Amino acid sequence: SRAMRAVHVFAVAVALVYSVSAWNSASADYDFFYFTQGWPGAMCADNACVKPHAPVASGFLIHGLWPQRDDGTWPSFCRNETFSMEKVQDELALMDRFWPSMYHTNYTEFWSHEYTKHGTCSEDVFATEHEYISFVLGLRQRIDIAQVLKSYAIVPSKTRSYRTDLVRHALSSAFPGYELLCTLTDDGQQLLSSVYLCVSKETKQLKSCSESAQPEPPRTAGEEGLCSADELVFPLPPTF
């Protein structure tokens, strides 16, 4: 009927307006970046990982570069722009090495998610997809968290745990700001799983972090959050 067609047209119009507004989040509406890196030993603790299709760097692996606000919130999916491998083909070898997905052999979906969710919100700092990807790779090549920990005799182990304050001391010696994240196991242990480094959007240099933006501690098994126990486990990396 004509009435039903009118309702349908109105519904489509509303959906289009919502879709456009959802993609038009203010890209500059954030205060800093989290440069997030994950530890493969924690990622693969539940044996969910798959064998990488190319050699992977030792140490922590890139998760992403995420625009963040000081109040703990963040923008996401700011532009209706799809990720294009063709635009970063010259970076593919480094992406395979430092930025693999540990759960899928096809990494493109992972990279696409990271760029469309986070990279599209940083166009005020990185004008292009290539500029964003290249900057993230350059950060990881300059920053080796595992080596920092090793200099304090904190190395992956199957048998021992480490005082959390010692791990924090080691990270504080090298980085002006960071968040130390752990994953909670079924038996209540906290596995060192990620380190978030804070990066200035103005200078693109490492900076101190906002206390109000800190993640919450993990509450249930399998959940990742701010390391809160007195001791943590630095699990061995997977062998394939």
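Guide: A residue is called buried when its relative accessible area is under 20%, exposed when over 50%, and partly exposed in between, using a 1.4 Å probe and protein chains only. This is a predicted model, in which local features need pLDDT of at least 70, side-chain atom pairs count only at pLDDT 80 or more, and totals for chains, interfaces and linings use all residues. Residues are numbered from 1 along each chain as its sequence is written, and side-chain values use heavy atoms, with hydrogens and water left out.

Visitor: Is Phe-32 buried or exposed?

Guide: Phe-32 is buried, with a relative accessible area of 1%. Tyr-34 is likewise buried, at 2%.

Visitor: How many aromatic pairs are there?

Guide: Rings of Phe, Tyr and Trp (its six-membered ring) pair if their centres lie within 6.5 Å; planes under 30 degrees apart are stacked, over 60 edge-to-face, and the rest tilted. The count here is 13 aromatic pairs. In one of them, the centres of Phe-32 and Tyr-34 are 5.2 Å apart and the planes stand at 90 degrees, so this pair is edge-to-face.

Visitor: Which residue lies over the face of Phe-32?

Guide: A charge sits over a ring if NZ of Lys or CZ of Arg is within 6 Å of the ring centre and within 35 degrees of the ring normal. Lys-207 lies over Phe-32, 5.1 Å from the ring centre.

Visitor: In what sense do S1 and S2 pair?

Guide: Strands are DSSP runs (E, at least two residues), numbered from the N terminus, and two of them pair if DSSP finds at least two bridges between them. S1 and S2 are antiparallel over 7 bridges, with Phe-33 opposite Pro-67 in S2.

How values were computed: Helices (H or I, at least four residues) and strands (E, at least two) are DSSP runs, numbered from the N terminus.
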